[in-house]
Amino acid sequence: QLALLKSLAQELSQQLEEATLKGRTVGIKLKDIDFDTTTRAQTLPEPIQEAEDLYRIASKLLLRHRPSLPLRLIGIRLSNLCEGEAETERITIDRFL
């Protein structure tokens, strides 16, 4: 599970770098074999983008909430996005339209 989370963090970090985005809230989504879904998130004081930072926070969230059943889905997300250069500017949907 942690190896998959690390791979997801690297993929997300690459996408963020390409879009020149950073974010402050790291979240994970877990779905077990009974299709029960759990989400956990942590908001940070400063925006991040690096895979190591994403993995560190996401793995802590996962380890705090160890599911009792095997997982069928693990996801990682980053929200409270801002431009990589202008860290205080919030991103709106208009940027993507």
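Begin by selecting helix α2, where Ala51, Leu54, Tyr55, Ile57, Ala58, Ser59, Leu61 and Leu62 are buried. The model on screen is a predicted one. Show the surroundings of these side chains: the buried residues of α2 pack against α1, β1, β2 and β3.

Now display the whole chain as a cartoon. Two helices and three strands make up its secondary structure, and along the sequence they follow the pattern α-β-β-α-β. Of the 97 residues, 35% count as buried. Among contacts between residues at least 6 apart in sequence, 72% join residues at least 24 apart.

**The nonpolar core**

Select next the largest nonpolar core, a set of 20 residues in which Leu5, Val26, Ile28, Leu54, Ile76 and Leu78 touch the most other members. Colour the core by element: α1 (2-18), β1 (21-32), β2, α2 (51-64) and β3 (71-83) each supply at least two residues. The greatest contribution comes from α2, which gives six residues to this core.

Centre the view on Leu5. Leaving out residues up to four places away in sequence, Leu5 touches Ile28, Tyr55, Ala58, Ser59, Leu62 and Ile74.

**Helix α1**

The buried residues of α1 are Leu5, Ala9, Leu12, Ser13 and Leu16. Turn the model to look down the axis of α1: these buried residues fall within an arc of 105 degrees, and therefore line one face of the helix. On the other side of α1, select Ala3 and Glu18, which are exposed. Return to the buried residues and show what covers them, which includes β1, α2 and β3.

The same check of length can be made here. At 1.5 Å a residue, the 17 residues of α1 should span 24 Å; the end C-alpha atoms of α1 are 24 Å apart, so the two values agree. After α1, stop at Thr20, whose phi is positive, near 50 degrees.

**A lysine over a ring**

Select Lys6 and Tyr55 together. Lys6 lies over the face of Tyr55, at 5.0 Å from the ring centre. How many aromatic pairs does the structure hold? A search for them returns zero.

**Arg40 in strand β2**

Move to Arg40, which is found in strand β2 (residues 37-48). Is Arg40 partly exposed or buried? Its relative accessible area is 36%, and Arg40 is therefore partly exposed. Apart from neighbours within four places in sequence, Arg40 is in contact with Val26, Gly27, Ile28, Leu61 and His65. From this list, take His65 and draw a distance between C-alpha atoms: Arg40 and His65 are 8.3 Å apart in space and 25 residues apart in sequence.

**Cys82 in strand β3**

The last stop is Cys82, placed in strand β3. Is Cys82 buried or exposed? With a relative accessible area of 3%, Cys82 falls under the 20% limit and therefore counts as buried. Select Gly23 as well and draw the C-alpha to C-alpha distance: Cys82 and Gly23 are 6.0 Å apart in space, although 59 residues separate them in sequence.

Definitions and conventions. Residues numbered from 1 in each chain as written. Predicted model: local features only at pLDDT ≥ 70, side-chain atom pairs only at ≥ 80, totals over all residues. Heavy atoms only, no water. Helix = DSSP H or I, 4+ residues; strand = E, 2+ residues; numbered from the N terminus. Buried < 20%, exposed > 50% of the residue type's maximum accessible area, 1.4 Å probe, protein only. Contact = heavy atoms within 4.5 Å. Core = buried A, V, L, I, M, F, W, Y, C linked by side-chain atoms within 4.5 Å. Phe/Tyr/Trp six-rings, centres within 6.5 Å; stacked < 30°, edge-to-face > 60°. Lys NZ or Arg CZ within 6 Å of the ring centre and 35° of its normal. Expected span 1.5 Å × (residues − 1). Arc of directions from axis to C-beta.
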